[in-house]
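The following explanation is intended to be read alongside the sequence and the three-dimensional structure. It turns to the contact between two chains and then to a pair of annotated positions.

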Amino acid sequence: MRRHRLAIGLGVCLLVGTVLCTLWVYVEDWLPVSYVPYYLPCPEILSRYPQPKLLEQRPTELLTLTPWLAPIVSEGTFNAELLQHIYQPLNLTIGLTVFAVGKYTHFVQHFLESAELFFMHGYRVCYYVFTDDPTAIPQVPLGPGRRLGIIPIQRHSRWEEISTRRMEIISQHIAKRAHREVDYLFCVDVDMVFRNPWGPETLGDLVAAIHPGYYAVPRQQFPYERRHVSTAFVADGEGDFYYGGAVFGGRVANVYEFTRGCHMAILADKANGIMAAWQEESHLNRRFISHKPSKVLSPEYLWDDRKRQPPSLKLIRFSTLDKDTSWLRS
Amino acid sequence: MAELLRTQARKPKCYLLRPVTFLLIMLILVFFGAGFLSPRSPVLWSRRAGAGEAGRESIGLQVVKLSRMVYPQPKVLTPSRKDVLVLTPWLAPIIWEATFNTDILNEQFRLQNATIGITVFAIKKYVVFLKLFLETAEQHFMVGHRVNYYVFTDRPADVPHVPLGEGRQMVVLEVPASARWQDVSMRRMEMISSFCEQRFLREVDFLVCADVDMKFRDHVGVEILSQLFGTLHPGYYRASREAFPYERRPQSQAHIPRDQGDFYYMGAFFGGSVSEVYRLTKACHQAIVADRANGIEAVWHDESHLNRYLLDHKPTKVLSPEYMWDEKLLGWPAIMRKLRYVAVPKNHREIRNR
């Protein structure tokens, strides 16, 4: 009798176990996962904002829409508060990668401090600092929900090599780690500072930024790679904008595809013994012609402080650190 | 003796039971272990990318590789239109002529083999509009792409046979008519949402919901496609929000206070991805039912509910009144460089409720 009961008990256990396993397979799909919906939900209780004026002369003199209907983001094109109301409830995590190799570790302090003030304020942020000398990375106090990851990388003798390796390292990092930790990822240069808010208006599937030196220049004068043998070759009549290699980003899966594609192209060039005119920036530009970005950032988001700020750019948000002025004084 | 035999017979069972127990427990543990430790990153990966849902959903979000194309360079310091707003405050494009390059967009959508469904309701006497609608759609609507016309009618025998181009097909769906034209209009939300589940999710990537008493006069293409789009009502694109004919009674689900509202969208042309259209039509239908239970009918029926929904769920693209015009009522102002989808003159008294 006892053995019968034992047998029945074990049979029940096995049955329960199988049922739970099958349930788990289904429940997995229902578990709350960071899901970014396609529409932009707007909570009912929204602070009042002015009605958009359909027929007024627009405040900005810049082009605000690319021919493939990607918004070009600049001050005056968006309502920051409205976007904040839309994006805040989505509980997004934004990643930011920088490379601080050799003496570039000096820039990390100011970079992170300015990012703490202006980059995606109010969101969860993961900084990824790639460096050959983790000890040289300073301890910068971070706000709540924001953390820093220091990833050691190999140093190369030539700075061009370091530069072109970035695409490979970013794509590998995404595959290994970042895809689990962030929804969106931006890849920027470290010798820059945030000067004004950089918020959810920059989020998009695939985001590029217009290079500050070439926004007013015809495409024939863009410093594309012009040698046919290179995979980054761009013909004379091709090209939309000249994008800066110092800022790009988007949804983490798209950034993965993008950096991988660039890396493959760089490898192909390497096999042919050629290095593109502006290293990975040339490859980035080549790729953005055939894989058009879904959102473009105006030069406000990638500025060169040595240039005079034109009236059409109202608010510089991210620019080169003026290496001549002594930041130690400020 | 028998007892001895019985106990002896039981003994082997007893001995077997312990290892069997162990085996069973091990099996259960292995099952659970496999469930926990299996490499889940590919699944997570696709979920994070948003492509984990039904395959059709990821269309439009894909970054596709374009072939080499020749077109004029976009100029950063030269806006495409100086006279109108082309970007909403939430960064959704407002589609006007000269803001987009058809070739680039066509290639982007062709590479994804996008299929576009268009629903149209020809109830009772409205079947007479079908011929012109379909003929002009064949000339101007999504030419070069796969199109499914979904004609909802209570008179399937009266649906005209219009020759369709390649990759385009028509599906006639028989539905009951309602006595009042207001109910015919509002029931569209219910029917579209139920057919979304039944068919559209599997058959098309994008869905456009259009009025039938209209005709296409100029290009209406893939530039309109995105996750959720609405069209500006041609009568109110100049008006301020206090003058929009929103439902103003707080008892209605479609109520919008005087200090709120972006645009006044027209109920005659909206759409998006199938899942978003499903959400919209389902929400509007539920709101209509709730209103009915409270003994109230919104001032502009399904259009009022559409406006409430699009206030809370901002569209990802907004179509200018080029995509919804009435030349007889409004003429042809210079600001409209093209009139693409226009009203066909009709005698309201004659055609409604018959």
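The paragraphs below treat the interface first and the annotated residues second.

The model is a predicted one. Chain A contributes 77 residues to the contact, and chain B contributes 85 residues. Between chain A and chain B an area of about 7,400 Å² is buried, and 64% of that area comes from carbon and sulfur atoms.

Polar interactions also cross this interface. Eleven residue pairs in polar contact are found between chain A and chain B, with both residues of each pair at pLDDT 80 or more. The count of salt bridges between the two chains is one. This salt bridge pairs Arg68(B) with Glu238(A), and their closest N and O atoms lie 3.4 Å apart.

On the side of chain A that touches chain B, the elements giving two or more residues are the helices α1 (2–30), α2 (80–87), α4 (159–181) and α5 (252–271), together with the strands β1 (40–41), β2 (72–73) and β8 (206–210) of chain A. Helix α1(A) supplies the largest share of this side, with eleven residues. By residue class, the side of chain A that touches chain B consists of 45 nonpolar, 14 polar and 18 charged residues.

Attention now passes to chain B and its annotation. An unreviewed UniProt entry places the feature "binding site" at Asp211(B) and Asp213(B). Where in chain B do Asp211(B) and Asp213(B) lie? Asp211(B) is found in the loop between β5 (206–210) and β6 (214–216) of chain B, and Asp213(B) lies in the loop between β5 and β6 of chain B as well.

Is Asp211(B) buried or exposed? Asp211(B) counts as buried because its relative accessibility is 16%, which is under the 20% cut-off. Beyond its neighbours within four places in sequence, Asp211(B) is in contact with Val120(B), Phe133(B), Arg188(B), Gly267(B), Ala268(B) and Tyr341(B). With one of these residues, Arg188(B), the side chain of Asp211(B) makes a polar contact of 2.5 Å.

The relative accessible area of Asp213(B) is 9%, so Asp213(B) is likewise buried. When residues up to four places away in sequence are not counted, Asp213(B) touches Tyr126(B), Phe129(B), Ala343(B), Val344(B) and Lys346(B).

Definitions and conventions. Residues are numbered from 1 along each chain as its sequence is written. Chains are lettered from A and ligands numbered from 1 in the order in which they are written. This is a predicted model: local features need pLDDT of at least 70, side-chain atom pairs count only at pLDDT 80 or more; totals for chains, interfaces and linings use all residues. Side-chain values use heavy atoms; hydrogens and water are left out. Contact means heavy atoms within 4.5 Å. Buried area is the accessible area (1.4 Å probe) that two parts lose on being put together, summed over both. A salt bridge is a side-chain nitrogen of Lys or Arg within 4 Å of a carboxyl oxygen of Asp or Glu. A polar contact is a pair of N or O atoms within 3.5 Å; within protein, one must be able to donate a hydrogen and the other to accept it, and residues adjacent in sequence count only if both atoms are side-chain atoms. Helices (H or I, at least four residues) and strands (E, at least two) are DSSP runs, numbered from the N terminus. Ala, Val, Leu, Ile, Met, Phe, Trp, Tyr, Cys and Pro count as nonpolar, Asp, Glu, Lys and Arg as charged, and the others, Gly among them, as polar. UniProt positions are given in the numbering used here, feature names are shortened, and annotations may be inferred rather than shown by experiment. Buried means under 20% relative accessible area, exposed over 50%, partly exposed in between (1.4 Å probe, protein chains only).
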